[in-house]
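Hello,

Here is the structure I promised to pass on to you. Have a look at it first, and then read on for my notes.

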Amino acid sequence: MKYTTPVLRAFPSMLIFMAALCAESVAQTPTAKPQPASREFLSVTMVSVKPEMMVDFQNFMKNTTNPALRKGGIKSREVWQNTTAAGDAFEYVMVTPIGKLAEFDGPSALEKGLGAQGLPAWQTKAGSLVNSVRRLIIRTRPDLSFEANRTGPPKLAVVTFVHVAPNRNTEFENYLKNDYAPAMKQAGVTYLVSQTIFGGDANEYITLTLRDSFTDLDKGPVLVQALGEEGAQKLLQKLPAGVVVHVDRSLSRFIPELSIMPATP
């Protein structure tokens, strides 16, 4: 069985996979193929916490923020934290699915949960715990991704921000779709791609490569494991020169105790 969290939920589900298997098992009557997962908007909030306030921040999240969000209607929200090995160790990333952008026309889930009178107090407290907050609206790209089956929540993710040269998005996406994602599928490693829509660089893509542990990382790059050193080099050389102008990479852990986990069916 595949474990699906809000980020993963935007990609093909086990139901689609099982439907495909069933279709091949039945008599040879032509059957419609399952449709690929649709793109989904996600709200991403990146919070840099004051180092001396880490414990207070975690308690504030558990005891105040999450109960208010649940009361306001939020069913699921992932919380990730950069590891001390790579990236800002005091940064948390919260990822929440968005049904429609029209949701932003009304009061937020937090305001619904706290009430108009309670929101200012929450903002004051939250402001005392953090150095900065950055928000993005991103759109998932299941057409450029591959999701492997999982039996539990994600543990570790290699998070890569890829900045593509203006007017070269099509070249980059074709490379991911036709070359890179198939290699990740061959390796059996989940590789998720999203695209920044609002709040950041319009030519920015965010990718997550899910790994189980740092020991897993010691085995070497996924592409080398799947294709060998020479094969990996040939694959990377297929990316047209000048398409990618900048890459940022960090390591993040999924924090279930701070997340709002979706109800188990």
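**Two tyrosines to start with**

Tyrosine 180 and tyrosine 191 are both buried (buried means under 20% relative accessible area, exposed over 50% and partly exposed in between, with a 1.4 Å probe and protein chains only). Before going further, please note that this is a predicted model, in which local features need pLDDT of at least 70 and side-chain atom pairs count only at pLDDT 80 or more, while totals for chains, interfaces and linings use all residues. Residues are numbered from 1 along each chain as its sequence is written, and side-chain values use heavy atoms, with hydrogens and water left out.

**The aromatic pairs**

How many aromatic pairs does a search of the whole structure find? There are six, where rings of Phe, Tyr and Trp (its six-membered ring) pair if their centres lie within 6.5 Å; planes under 30 degrees apart count as stacked, over 60 as edge-to-face and the rest as tilted. One of them joins tyrosine 180 and tyrosine 191 in a tilted arrangement, with 5.1 Å centre to centre and 45° between the planes. Tyrosine 180 belongs to helix α6 (residues 169-187) and tyrosine 191 to strand β6 (residues 191-198), so this pair ties together parts that are 11 residues apart in sequence. Helices (H or I, at least four residues) and strands (E, at least two) are DSSP runs, numbered from the N terminus.

Ring pairs also link Tyr175, Tyr180 and Tyr191 into a cluster. Tyrosine 180 has a relative accessible area of 18%. Not counting residues up to four places away in sequence, tyrosine 180 touches Tyr175, Tyr191, Leu223, Leu235 and Leu236 (contact means heavy atoms within 4.5 Å). Its C-alpha atom is separated by 9.9 Å from that of phenylalanine 146, 34 residues apart along the chain.

Leucine 192 is in strand β6 too, and this leucine is buried, with a relative accessible area of 3%. Between the C-alpha atoms of leucine 192 and leucine 210, which are 18 residues apart along the chain, the separation is 8.4 Å.

**A loop residue**

Asparagine 167 sits in the loop between β5 (156-164) and α6. Is asparagine 167 buried or exposed? It is exposed, with a relative accessible area of 78%. Its phi is near 70°, a positive value in a residue other than glycine. For background, most residues other than glycine have a negative phi.

Methionine 61 is buried, with a relative accessible area of 3%, whereas lysine 62 is partly exposed, at 39%. Leaving aside neighbours within four places in sequence, methionine 61 is in contact with Asn66, Pro67, Arg77, Met94 and Leu258.

The C-alpha atoms of methionine 61 and alanine 126 are separated by 9.4 Å, and the two are 65 residues apart along the chain. Lysine 62 and serine 259 are 197 residues apart in sequence and 8.5 Å apart in space, C-alpha to C-alpha.

**The largest pocket**

The largest pocket has a volume of about 1000 Å³. On a 1 Å grid over the protein atoms alone, a pocket is an open set of points where a 1.4 Å probe fits, with protein on both sides within 12 Å along at least five of seven lines, and lining residues have an atom within 4 Å of a point. Of the 38 residues that line this pocket, Leu69, Arg77, Ser108, Ala109 and Leu110 are the closest to its centre.

Which element gives the most to the lining of the largest pocket? That is α5, with six residues. Elements that each supply at least two residues include β1 (41-49), α3 (54-71), β3 (91-98) and α4 (109-114).

**The protein as a whole**

The protein has eight helices and eight strands. Buried residues make up 44% of its 265 residues. Among contacts between residues at least 6 apart in sequence, 82% join residues at least 24 apart.

Enjoy exploring it!

Notes:
Grid points are joined across faces, edges and corners, and a volume is the space filled by probe spheres set on the points.
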